[in-house]
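Subject: Structure handover

Hello,

Here is the structure I said I would pass on. My notes on it follow below.

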Amino acid sequence: MKTGLDLITEERQRQITDEGWSAEHDDAHTDGQLADAAAFYAMTEDALDFIDEEMGADMHLHFWPFDLKWCKRTPNNRIKELQKSGALIAAELDRLLREQHSTL
């Protein structure tokens, strides 16, 4: 059985090889967009519904930091949603570490 870390690692590799999200690409997102996207994928359907109820229909999409064509939620697969979230958090951590290292 794969662990959560295995799934996150697989998804991050897929993002790099299939989507082309290289370190150079990630380094251009300096305003926390990767973390925001991770948070969006981590949100439960109940949380998204609450946002929509409070702010209006589909307002949750305003939290997505990229072009909507890149929003690929899988609402009936919570594991996949968290796998995407974890991979984006890893990408943001790596970006921050590279940024920190370059300033030393």
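**Helix H4 and its cover**

Helix H3 (33–42) is part of what covers the buried residues of H4. Please keep in mind that this is a predicted model. H4 spans residues 45–55, and its buried residues are Leu48, Ile51 and Asp52. Viewed down the axis of H4, these residues fall within an arc of 95°, so they line one face of the helix. On the face of H4 turned away from the buried side are the exposed residues Asp46, Glu53 and Glu54.

**Nonpolar core**

The largest nonpolar core has ten residues, among them Leu34, Phe40, Leu48, Trp64 and Leu88. H3 and helix H5 (78–102) are the elements that give two or more residues to this core. H3 gives the most, with five residues.

Leaving aside neighbours within four places in sequence, Phe40 is in contact with Leu48, His60, Leu61, Phe63, Trp64, Cys71 and Arg73. The charged end of Arg73 sits over the ring of Phe40, 5.2 Å from the ring centre.

**Aromatic pairs**

The count comes to five aromatic pairs. In one of them, the ring centres of Trp21 and Trp70 are 5.0 Å apart and the planes stand at 75°, so the pair is edge-to-face. Trp21 lies in the loop between H1 and helix H2 (23–27) and Trp70 in the loop between H4 and H5, so the pair ties together parts that are 49 residues apart in sequence. Trp21 is partly exposed, with a relative accessible area of 22%, and Trp70 is partly exposed at 31%.

The rings of Trp64 and Phe66 also pair: their centres are 5.8 Å apart and their planes at 75°, so this pair is edge-to-face. Trp64 is buried at 7% relative accessible area, whereas Phe66 counts as partly exposed at 22%. Phe40, Tyr41, Trp64 and Phe66 form one aromatic cluster.

Not counting residues up to four places away in sequence, Glu11 touches Lys80, Gln83, Lys84 and Ala87.

Regards

Key. Residues numbered from 1 in each chain as written. Predicted model: local features only at pLDDT ≥ 70, side-chain atom pairs only at ≥ 80, totals over all residues. Heavy atoms only, no water. Contact = heavy atoms within 4.5 Å. Buried < 20%, exposed > 50% of the residue type's maximum accessible area, 1.4 Å probe, protein only. Helix = DSSP H or I, 4+ residues; strand = E, 2+ residues; numbered from the N terminus. Arc of directions from axis to C-beta. Core = buried A, V, L, I, M, F, W, Y, C linked by side-chain atoms within 4.5 Å. Phe/Tyr/Trp six-rings, centres within 6.5 Å; stacked < 30°, edge-to-face > 60°. Lys NZ or Arg CZ within 6 Å of the ring centre and 35° of its normal.
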